[in-house]
Amino acid sequence: MRILLTNDDGIHAEGLAVLERVARTLSDDVWVVAPEQDQSGYAHSLSISEPLRLRKIGEKHFAVRGTPTDCVIMGVKKILPGAPDLILSGINSGANIADDVTYSGTVAGAMEGALLGIRSIALSQGYSYVGEDRVVPYETTEALAPALLKKLVAAPLPDGVLLNVNFPNCLPEEVAGTVVTSQGKLVHSLWVDERRDGRGLPYYWLRFGREPVEGKQGTDLHALRNRLVSVTPLQLDLTAHEIRDQLSKALA
């Protein structure tokens, strides 16, 4: 099995190194094509107004000056000797659940793989802060992902479906199990934080502001808060099929 790895945290991210170790429990034919720099929050964006720069940093390891989507396209269309059987995107530093999947470059890497007709799985690890330091228990994903991936690779999936896997913020022995979930709903909004530079001119940071949410049972939010691994099937078809008839009647 040929496996292509990518991420949105960048080629040197710790989570990507962990993912490579996980992938090597499945196959010896593992390729890494990842962004040269952090691309978090770039979602499913393409670099179409500037050239892509490619740098080989080791055997079967390549850095692309571009987005996760660019990396998958470059890997499949240019770098690998043949199409991969599996694309793994991650391991992201932080969960990608609920509404956040629409912003996530990690999920977008798997989304692009699904668009190309390749089985694709995004993996993310929840974390916490100790003081000002982010503490990401990658050992949880590294311990649990190999057995889980073997099951997910063997499971039947229709075309246009990718899998979004999130590991809870706890140690491996504290994980309560694995559940198949739906996408939850966060209560958040983007805030515009205005600041001033050294000349007194304004500049702006976008930042998240969130309120506490009790995730409904069966959602990815509820799973992670109860120390469960969440596996959410996502589909490329964004059509709201349930209201097509209503719209047709309104337009008749």
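Modeller: Let us start with burial: a residue is called buried under 20% relative accessible area, exposed over 50%, and partly exposed in between, with a 1.4 Å probe and protein chains only. Alanine 23 is buried by that rule, with a relative accessible area of 0%. This is a predicted model, in which local features need pLDDT of at least 70 and side-chain atom pairs count only at pLDDT 80 or more, while totals for chains, interfaces and linings use all residues. Residues are numbered from 1 along each chain as its sequence is written, and side-chain values use heavy atoms, with hydrogens and water left out.

Colleague: Where is alanine 23 found, and which residues does it touch?

Modeller: Alanine 23 is in helix H1. Leaving out residues up to four places away in sequence, alanine 23 touches Ile3, Leu5, Val30 and Leu88; contact means heavy atoms within 4.5 Å. Helices (H or I, at least four residues) and strands (E, at least two) are DSSP runs numbered from the N terminus.

Colleague: How many residues of H1 are buried, and what covers them?

Modeller: Seven of the 10 residues of H1 are buried, so the helix is mostly covered. The buried ones are Gly15, Leu16, Val18, Leu19, Glu20, Val22 and Ala23. Their cover includes E1, E2, E4, E5, E6 and H4.

Colleague: What percentage of the residues count as buried, and what share of the contacts join residues at least 24 apart?

Modeller: Of the 252 residues, 46% count as buried. Among contacts between residues at least 6 apart in sequence, 73% join residues at least 24 apart.

Colleague: Which residues have the most contacts inside the largest nonpolar core?

Modeller: They are Leu5, Leu88, Ile121, Leu123, Leu149 and Val165, in a core of 31 residues. Two or more residues each come from strand E1 (2-6), helix H1 (14-23), strand E2 (29-35), strand E5 (86-93), strand E6 (119-125), helix H4 (138-154), strand E9 (161-167) and strand E13 (228-235). A nonpolar core is a set of buried Ala, Val, Leu, Ile, Met, Phe, Trp, Tyr and Cys residues joined through side-chain atoms within 4.5 Å.

Colleague: And which residues is leucine 149 in contact with?

Modeller: Apart from neighbours within four places in sequence, leucine 149 contacts Val22, Leu26, Leu88, Ile121 and Leu123.

Colleague: On to threonine 69. Is it buried or exposed?

Modeller: Threonine 69 is buried, with a relative accessible area of 0%. It lies in helix H2 (residues 68-79). Not counting residues up to four places away in sequence, threonine 69 touches Ala43, His44, Ser45, Leu46, Ala108 and Glu112.

Colleague: Why is H2 described as largely enclosed by the rest of the structure?

Modeller: Nine of the 12 residues of H2 are buried, so the helix is largely enclosed. The buried residues of H2 pack against E1, E2, strand E3 (54-58), strand E4 (61-64), E5 and helix H3 (105-115).

Colleague: Back to alanine 43. What is its phi, and where does it lie?

Modeller: Phi of alanine 43 is near 50 degrees, a positive value in a residue other than glycine. Alanine 43 lies in the loop between E2 and E3, and at 17% relative accessibility it counts as buried. Alanine 98 also has phi near 50 degrees; its place is in the loop between E5 and H3, and at 0% relative accessibility alanine 98 counts as buried.

Colleague: Finally, which peptide bond is cis?

Modeller: The bond from glycine 90 to isoleucine 91 is cis, with omega near -10 degrees. Isoleucine 91 lies in strand E5.
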